[in-house]
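Hello,

Here is the structure for your files. My notes on it follow below.

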Amino acid sequence: MTKKQITSIILAICFVFTGLLGIRTEVLAGTVTPAPYEFEYQYSDYYQGIEILKYTGKDADISIPAEIEGQSVTAIGAMAFIKCNSLRTVTVPDSVKIIGAGAFELCASLEKVTLPQNLREIPKDLFFQCPKLNEVNIPNGVTKIGNSAFSGCKSLTGIKIPASVTALGSSVFAGCTKLKKITFAAGSRLETVDEQCFSNCKALKSITLPASLKKLASHTFSRSYLKTIHINKNAKITVLPDECFANCYALQEVDIPKKITKIGKDLFVFDLNMKKEYLNKVKKVNIMGSRVKLLGEDSFKGIHKKAVFCVPSKFKTKYQRLLKKQSWYKASMKIR
């Protein structure tokens, strides 16, 4: 047997062995058929299907194929469509279960995206700085919306959060200056809302957070133009964090749910050039339960001098003792 024959046999054995291990390393790139769109892609054992790595075409309206070369498209890689300024609409097939961070980041012309029904997480920066995005569905089944997912989507006017979502990351809707309405689906399981989630939402005037809520972060609503912040009276949250309503320029009314036991300091602080000041437009505070025991330093400092505290009638005496001894409390305020 010649050396050449021996070498051929060894290579053949290696290929068979590699196949048995399930190792697949080839990257298949080029034009996807039958759709006339160009992608760089690869088969991924981890995603058990094709992963779209990069869009290389120039079309305005695309539908990502559900299959490539007989394999299901199951994932879109991180930043796969970043800065694809030609894109206007994108439809992602239901075969896709994973979308990587920043997949559609900085797409200047993107207006509409249809996301797959099997998606379970909106990753961070997914639509970061997509200023023309005005229509997007969040599929039922999504449990988390990552940091800055919609940050800078200046054309987004309304969005519905499915009941399945339990967490909103930091700055999710920051800079959505035309966002007028956020709706939480019936039976919402939302538990946490992180810092600056609704920051600089200038068109958002009112919001109602669901009964499932367990945690708010400081500066959650910073620099928004909310006039009213309602929280379901039976919400599970027990602590309002320090500076929870900081820099809410237009805020006039807030709710304190039944289970709140501690209210943090400087709820209505207004940081102007690093100088601590306070808002003075809050006219109504709805304390819905009897459990508030601790008030942080200057918790309600700066609210309107004629502000009204609405409390349960049978606990009026308790709150009179608690509130009137605070240094910020004024005789012109009312407890009723």
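This is a predicted model: local features need pLDDT of at least 70, side-chain atom pairs count only at pLDDT 80 or more; totals for chains, interfaces and linings use all residues.

Two strands are taken as paired if DSSP finds at least two bridges between them. On that basis, strand β13 (residues 158-161) pairs with strand β15 (residues 181-184) in the parallel sense, over four bridges.

In β13, Ile-159 and Ile-161 make up the covered face, while Gly-158 and Lys-160 are on the uncovered one.

As for the backbone, most residues other than glycine have a negative phi. Two residues are worth a look on this point:

- Lys-83 has a positive phi, near 60°. Lys-83 sits in the loop between β6 (71-76) and β7 (89-91) and is exposed, with a relative accessible area of 56%.
- Asn-200 is not a glycine either, and its phi is positive at about 60°. Asn-200 belongs to the loop between β16 (192-193) and β17 (206-209); its relative accessibility of 26% makes it partly exposed.

For the chain as a whole, the secondary structure consists of two helices and 28 strands. The chain has 336 residues, 47% of which count as buried. Its accessible surface is about 16600 Å², with 51% belonging to carbon and sulfur atoms. Among contacts in the chain with a separation of 6 or more, 44% are between residues 24 or more positions apart.

Regards

Terms used: Residues are numbered from 1 along each chain as its sequence is written. Side-chain values use heavy atoms; hydrogens and water are left out. Buried means under 20% relative accessible area, exposed over 50%, partly exposed in between (1.4 Å probe, protein chains only). Contact means heavy atoms within 4.5 Å. Accessible areas come from the Shrake-Rupley method with a 1.4 Å probe; for residues, only the protein chains shown count as cover.
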